[in-house]
Amino acid sequence: DGAYATRSGEAKVELPAKWVAARVGAGGVVGEYGLFESRHRTATVIARSDVRALRLDYARFQRFLLAFPEAMYALLGLTVNRLVVQGRTPRSIGVIPARPRPSHSG
């Protein structure tokens, strides 16, 4: 029901099959997917050391992102980077790639 910004420490983000989706340290963000997905927890965050984090509930987080579009752009960059690093393909995240156009030679 909220997003968290890590002030200090280190944590890992695990998906249901114990798959480590991300590792976050100071300045890292977790919980942002729920704002856009289903507004509930989709992963488990496990502290790997003493962690201090700031929490922002989704309603306030959404208002913040709408008021500061640069932050929304930065969050999008973080999300895309995470997906690329995880090695996900477009099909695995529910996006069907466009069919390549046939090439015409001649």
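Residues 24 or more positions apart account for 67% of the contacts in the chain with a separation of 6 or more, where contact means heavy atoms within 4.5 Å. This is a predicted model, in which local features need pLDDT of at least 70 and side-chain atom pairs count only at pLDDT 80 or more, while totals for chains, interfaces and linings use all residues. Residues are numbered from 1 along each chain as its sequence is written, and side-chain values use heavy atoms, leaving out hydrogens and water.

Next, the elements. From the N terminus on, their order is β-β-β-β-α-β-β-α-α.

Now the sheet. In the order S4-S1-S6, 3 strands form an open sheet with antiparallel pairing; two strands pair if DSSP finds at least two bridges between them. Strand S4 (29-30) and strand S6 (52-57) are the edge strands, each pairing on one side only. Strand S1, residues 2-8, is joined to S6 by 6 bridges. Ser8 has Arg52 as its bridge partner in S6, and Ala3 stands opposite Leu56 in S6. Between S1 and S4 there are 2 bridges, again antiparallel, and Tyr4 has Val30 as its bridge partner in S4.

On to the interior. Of the 106 residues of the chain, 24% count as buried. Buried means under 20% relative accessible area, exposed over 50%, and partly exposed in between, with a 1.4 Å probe and protein chains only. A nonpolar core is a set of buried Ala, Val, Leu, Ile, Met, Phe, Trp, Tyr and Cys residues joined through side-chain atoms within 4.5 Å. The largest one has 7 residues: Ala11, Val13, Ala21, Ala22, Val24, Val30 and Ala43. Strand S2 (11-14) and strand S3 (20-24) are the elements that give two or more residues to this core, and S3 gives the most, with 3 residues. Apart from this core lies another, of 6 residues, among them Ala3, Leu35, Phe61 and Leu65.

Glu32 is found in helix H1, residues 32-36. Is Glu32 buried or exposed? Glu32 counts as buried because its relative accessible area is 1%. Not counting residues up to four places away in sequence, Glu32 touches Ala3, Phe61, Leu75, Leu78, Thr79 and Arg82.

Last, the surface. The chain exposes about 8000 Å², and carbon and sulfur atoms supply 57% of it; accessible areas come from the Shrake-Rupley method with a 1.4 Å probe, and for residues only the protein chains shown count as cover. Tyr73, Leu76, Val80 and Val84 make a nonpolar surface patch of about 450 Å². Patches are made of residues with over 30% relative accessible area and no salt bridge, with like charges joined within 9 Å and nonpolar side chains (Val, Leu, Ile, Met, Phe, Trp, Tyr) within 5 Å. A salt bridge is a side-chain nitrogen of Lys or Arg within 4 Å of a carboxyl oxygen of Asp or Glu. Tyr73 lies in helix H3, residues 69-86, and is exposed, with a relative accessible area of 66%.

Technical notes: Helices (H or I, at least four residues) and strands (E, at least two) are DSSP runs, numbered from the N terminus.
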